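I opened the model to look up a sheet, a helix and some ring pairs. My entries follow.

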Amino acid sequence: MCRIMSLTNVSKIKDLDATMLQLRDLVSKHNNDGFGYSVSYKSNLFTEKFIKPSDFVGLNKTLLHDKMALPIFDNSNSLSHGEHGEKPLAIIAHGRTSTNLKGDVNYSHPFVKHDNAFIHNGVIDVPRKHDFDLITENDSEYLANVFWKHGHSGLNRVSGYFAFMNLKLNGKMEIAKDNIASLFAAYIPALDSYVFATLENMIVEFCNNMQLQSTRISPVTSMQYFVVQGSKISASTSITKSVKVKQLTASEKKAFKDYSKPTKGFNEYRATKVLGNESMPAKFSDPHYWETDAELNDRMDFETKWEIK
């Protein structure tokens, strides 16, 4: 499980370096396959990511970064995007536990595109065919592109589970969570900021270490998308994970029947595990129906979409 954490208002923080180092330690605890963060300003979005969390030494170490940004040094372990602004407004941070390739900084979060910085905890099934030009094979990059293109309404076209944050300019933060992934929140009065984190004890440790008091820590409501800017939450919307069915062609029916022979058979379809959709029938043995993503016009193969043994 990856760890994600954010502060929706950092304008009152005097030592942002110390804060960021705390976030690094909390999200990277037992998550050592990559670390990254983004800071939102009024007109800028700055992102840095690393393979080794310990390579992050603070936000304001521009001189040190410039001294190391020379051809004689191997800088393949870190990447940066954008520029710092004058007044930081909000931050997100991510600690990676790899479910695919290790040792490539491109796989570290956040993923950045068009003034968006995206971090994700969860696992998403990536279709074999899609219409995105991805840099990696990371499932989180695929999810980011689905969200950037289709918004929260596009979340019903993904299978898997997720909690994510998408940071934009001027401190605007979009957050979504399904009914499986873990995400907790609290309000910190001294900062006039919400704090979101994968685990409850991450918020407890952060407040203790920074000598801050928070309100009661609460789990974020399942199947929700909402927008936070500073200490204001707006645009809360229910999200769905829909399953679309359609009539099979003759060749598809034959293929389906081949798979449903007694020698192979079907396991009970565990929709909550694969899709997080509890409304899907447990057994789906009728060859006239097919589970597909019609809007993306992509049909996954039997092994991916059906638990066939």
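What is the order of the strands in the open sheet of six strands? I read 6-7-8-9-13-14, with antiparallel pairing; strands are DSSP E runs of at least two residues and helices H or I runs of at least four, numbered from the N terminus, and two strands pair if DSSP finds at least two bridges between them. Strand 6 (111-112) and strand 14 (232-238) are at the edges with a single partner strand each, so one side of each has no neighbour in the sheet.

I noted that this is a predicted model, where local features need pLDDT of at least 70, side-chain atom pairs count only at pLDDT 80 or more, and totals for chains, interfaces and linings use all residues. Residues are numbered from 1 along each chain as its sequence is written, and side-chain values use heavy atoms, with hydrogens and water left out.

I looked up Glu141 next and found it in helix 3.

I then searched for aromatic pairs (ring centres of Phe, Tyr or Trp, the latter by its six-membered ring, within 6.5 Å) and got 16 in the whole structure. Phe35 and Phe50 are stacked (planes under 30 degrees apart), at 6.4 Å centre to centre and 15° between the planes. Both Phe35 and Phe50 are buried.

Methods: Phe/Tyr/Trp six-rings, centres within 6.5 Å; stacked < 30°, edge-to-face > 60°. Buried < 20%, exposed > 50% of the residue type's maximum accessible area, 1.4 Å probe, protein only.
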